[in-house]
Amino acid sequence: MQNYTGRFAPSPTGPLHFGSLLTAVASYLDAKHNNGTWLVRMDDLDPPREIQGAADNILSTLDAYGLHWDGEVIYQSQRHDQYEAVIQSLLTKGQAFYCTCSRKQLAEHAPAREQQISPPYPGTCRKQHAPPNKPFSIRLTVKGASHPVCINDQLQGRFCQNLITDVGDFIIKRKDLLYAYHLAAVADDHWQNISHVVRGIDLLDSTPRQHYLQQLLGYNTPHYAHLPVVVNDQGQKLSKQTFAKAIETTQCNRTLWMALSTLDLKPPASLQYESPEAILNWGAAAWSPKALINVTRINSPQITINV
Ligand SMILES: [Zn+2]
């Protein structure tokens, strides 16, 4: 069997909440169940959205929960040279181009499709292969993509997307010089030899774009498993926007036990009094994501703290 390397890649936009903890736990258990390596990568690509101290806070929370990672933590903010090299290679091969369209121009090109908020890029600058004298973004051309591009997700099944008609040439470097998530994730998954990606279902629809990038760059495509989203009692995804509470670190064992329970691993009640490490060891042995197959959302348990 191929060596298993998994990863958890949070963005330091705030502390971990129960939804992000669940993703960390599931990717950790999947790796450990398969005697794999589990890496942590900080997806700090977008400084305006980040909160000072959040990265350290996430790492100390993972540590408190016994989610000890292998190797060094990688920070995407320190990988810009590598992303730039990947972009240059795509530009050289004519697979990417400089786009100088303004927001207004793009809006004018939008076909009158009312429900669609961002229509596919019309291809205006596709022939622009030299750096222009005004601000530009860099887009990847999807004209060579098979239609549709499909992936076989281990939990959500076959997922296909027509990049040509539904997505269009997409941005890999923004006008404000920030690198796009797809580009950085694909570059780092390759560089870190990631074989398995276990992450939230909100990223499922970006996976065909990443798969296409992997094909263009000659990279392997990891196995993907997209976890159901955790929702609050109003059916909203737990997130900073829905005021999801930060998970506490005073009763990690109880919260971890609830995470295993939410993942439908049916932990015995007595396990909640054990150490985080013991709970995770039990979880790694019991791990089976079968109950999550074709599940797209799960309810967050009520997390109460005993005082
Ligand atoms: Zn353009």
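Modeller: Let us begin with a definition: the radius of gyration is taken over C-alpha atoms, and the globule rule is 2.2 Å times the number of residues to the power 0.38. Please keep in mind throughout that this is a predicted model.

Biologist: What radius of gyration does the chain have, and what would a compact globule with 307 residues have?

Modeller: The chain has a radius of gyration of 21 Å, which agrees with the value near 19 Å that a compact globule of 307 residues would have. Taken along the principal axes, the C-alpha atoms fill a box of roughly 65 × 40 × 40 Å, and buried residues make up 38% of the 307 residues.

Biologist: How many helices and strands are there in the chain, and what share of the contacts with a separation of 6 or more comes from residues 24 or more positions apart?

Modeller: The chain has nine helices and 12 strands, and residues 24 or more positions apart account for 78% of the contacts with a separation of 6 or more.

Biologist: Which segments does the domain assignment give to each domain?

Modeller: The assignment places 5-77, 187-205 and 218-299 in domain 1, while domain 2 takes 80-184. The C-alpha centres of domain 1 and domain 2 lie 29 Å apart, and 18 residues of domain 1 are in contact with 16 residues of domain 2. On the side of domain 1 that touches domain 2, helix H6 (181-191) and strand E10 (223-227) each supply at least two residues, with E10 giving the largest share, five residues. The residues of that side of domain 1 divide into 11 nonpolar, four polar and three charged.

Biologist: How should I read a nonpolar core, and which residues touch the most other members of the largest one?

Modeller: The general idea is that, in soluble globular proteins, nonpolar side chains tend to be buried together. Here the largest nonpolar core has 45 residues, of which Leu21, Leu22, Val25, Tyr28 and Ala259 touch the most other members. Several elements each supply at least two residues of this core, including helix H2 (54-64), strand E9 (196-200) and helix H8 (252-262), but H1 gives the most, with nine residues. Leaving aside neighbours within four places in sequence, Ala259 is in contact with Leu21, Leu22 and Val25. There is also a second, separate core of 28 residues, which includes Ala96, Ile138, Val142 and Tyr212.

Methods
Residues are numbered from 1 along each chain as its sequence is written. This is a predicted model: local features need pLDDT of at least 70, side-chain atom pairs count only at pLDDT 80 or more; totals for chains, interfaces and linings use all residues. Domain bounds come from an automatic or database domain assignment. Two residues are in contact if their C-beta atoms, placed from the backbone, lie within 7 Å. Helices (H or I, at least four residues) and strands (E, at least two) are DSSP runs, numbered from the N terminus. Ala, Val, Leu, Ile, Met, Phe, Trp, Tyr, Cys and Pro count as nonpolar, Asp, Glu, Lys and Arg as charged, and the others, Gly among them, as polar. A residue is buried if 20 or more other C-beta atoms lie within 10 Å of its own, exposed if 12 or fewer, and partly exposed in between; C-beta atoms are placed from the backbone. A nonpolar core is a set of buried Ala, Val, Leu, Ile, Met, Phe, Trp, Tyr and Cys residues joined through C-beta atoms within 7 Å.
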